[in-house]
Structures are given as C-alpha cells and as structure tokens.
Amino acid sequence: MVDSYPLLTPVHGTIFALLKRYVQTQYDHSTWLRLVEAAGLESGDFSHKDVYPDEQMDALVGAAAGMTGLPVAELQERFGEYLVPDLMYMYQKLLQPHWNTLDMLEHTELTMHAQVRREHSQNAPPVLNVTRLSVHELVIDYVSARRMGPLAVGIVRGVARYYDEADLIDVTPTTSEDGQEVRIRVRRNPF
Ligand code: HEM
C-alpha cells in the first residue's frame, strides 16, 4: 500500500524556472511569452526560492499541449527527461560516486526528496515507494494528486541517460485510470 498525498500543494519554483528554460531553449523566448499568455498567467517570472500554485503548472502544460498538439503526458515526459542534469547538479553532494541508475532511483525518496522536504516546509515532492526486486530491477510506486506520473517516467529516462545507461534500461509504466498512481518498473539489461 502506498502513502496518500495531500491535495492542493504548491510546486517548487525550481520546476517552473526549469520549465521556462526548457521552452526558451527548445523553442524561443517569444514562445514562452505566448505560452504564459495562453495559460492566463499574469507573470512568467518564477524564483527558485518560492513556491507557486499547482494550477499554474497545469495551466502552462495544458497551454503547451494546445500550442504544440502534443498530449500532456508526452510533454511532461520530455520535460522530466530534460530536468535531470540540473537536478543532479543542484543536489550533487547527495549523489554517491558508485551509484548507477537503479541505485540512484532506489535512494531518491530517502535522500534527495527528503532533503527537498527539509529545505522548505511548503516543498512537497511526491512520495516514491521504491522496491528493489534484484540487482537488475526495481519498481517505483508514484502517488500524487498532481498526476505528474509521466514527469516521473521522464525523470527515470533522464537518470538512465545521465548514467549513460539509456540503452540498457527498460522503463514500463502502468497508470491508474485517474492518473494519480503510476507503477514504474525499471529493469537493467544485465548483458
Ligand atoms: C536528483 C534527484 C531528484 C531531485 C533533486 C528531485 C527534486 C524534486 C523537486 C525539488 C521537486 C519539486 C517539489 C515541489 O514542488 O515541492 C520534485 C518533484 C517531483 N519529483 Fe523529484 N527529484 C529527484 C528525483 C526524482 C525521481 C528519480 C523521480 C521519479 C522517479 C522524481 C519525481 C518527481 C515528480 C513526478 C515531481 C513532481 C511533483 C509531483 O508529481 O507531485 N524525482 N523533485
């Protein structure tokens, strides 16, 4: 059984700031301004030190889906993959040099996400219940009212890329009908 997750929690400014940079680098600054307008937001400036309402993230991703014609899940997944090098850089002190993709994923909840929670009482990364099945395989149970499971899948792919293991790692997500729970099976090909 996985822990429940509170409703209506704000999202860390870092995630918004990286979304802004993602749009600016993949497209350009004027696309970001159009996106902010389409999302109905008053400002497109986000500080790493603040948190912002969930609805603003939903509005931005929803507007991006409308503008690109890509499904929300696809956009979240791409963005999740893009986030990884920055997250790793920001929290590099917590990374152990001997870790590979599976080790890092196994330690995210109690190491990186625990640190994020300590930094600010309003920070609320999702609870990730990770079960290491063997040296080659683990399962991540993601539960969040924010329904950002595809972001989690993208982060897993980004972590595999970070460790230069993208060709070896299979990622198989199974999503509940309401999107609040995602089980992500991650397997490393031993050969
Ligand atoms: C270096 C490793 C990681 C760091 C530093 C990190 C940090 C963070 C931070 C700062 C947030 C924003 C929290 C908030 O808004 O209050 C977040 C959210 C999130 N993280 Fe992580 N994270 C890491 C790894 C992972 C991994 C491996 C996964 C998935 C397997 C993951 C899944 C997510 C998701 C899906 C969210 C969005 C919020 C939600 O769905 O409720 N993160 N993370």
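This report describes the ligand site of the structure above.

The model is predicted. Its ligand sits in the largest cavity.

**The shell.** There are 28 residues around the ligand. Among them, His12, His113, Ala124, Tyr142 and Ser144 come nearest. By class, the shell holds 22 nonpolar residues, five polar ones and one charged one.

| Residue | Ligand atom | Distance |
|---|---|---|
| Tyr142 | oxygen | 2.6 Å |
| Ser144 | oxygen | 2.8 Å |
| Arg146 | oxygen | 2.9 Å |

**Where the shell comes from.** Which helix gives the largest share of the shell? Helix α5 does, with six residues. That helix spans 101-119. At least two shell residues also come from each of β1 (11-12), α4 (72-90), β4 (137-143) and α6 (149-162). The site draws on two domains: domain 1 (11-74) and domain 2 (78-188) each supply at least three residues of the shell.

**Annotation.** An unreviewed UniProt entry marks residues 12-165 as "domain: Heme NO-binding". Over residues 12-165, the chain is 59% helix and 12% strand. The end C-alpha atoms of this stretch are 28 Å apart.

Methods
Residues are numbered from 1 along each chain as its sequence is written. This is a predicted model: local features need pLDDT of at least 70, side-chain atom pairs count only at pLDDT 80 or more; totals for chains, interfaces and linings use all residues. Side-chain values use heavy atoms; hydrogens and water are left out. A residue is near a molecule or strand if one of its heavy atoms lies within 4 Å of it. A polar contact is a pair of N or O atoms within 3.5 Å; within protein, one must be able to donate a hydrogen and the other to accept it, and residues adjacent in sequence count only if both atoms are side-chain atoms. On a 1 Å grid over the protein atoms alone, a cavity is a set of points where a 1.4 Å probe fits but cannot get out, and a pocket is an open set with protein on both sides within 12 Å along at least five of seven lines; lining residues have an atom within 4 Å of a point. A molecule sits in a cavity or pocket if more than half of its atoms lie within 2 Å of its grid points. Helices (H or I, at least four residues) and strands (E, at least two) are DSSP runs, numbered from the N terminus. Ala, Val, Leu, Ile, Met, Phe, Trp, Tyr, Cys and Pro count as nonpolar, Asp, Glu, Lys and Arg as charged, and the others, Gly among them, as polar. Domain bounds come from an automatic or database domain assignment. UniProt positions are given in the numbering used here, feature names are shortened, and annotations may be inferred rather than shown by experiment.
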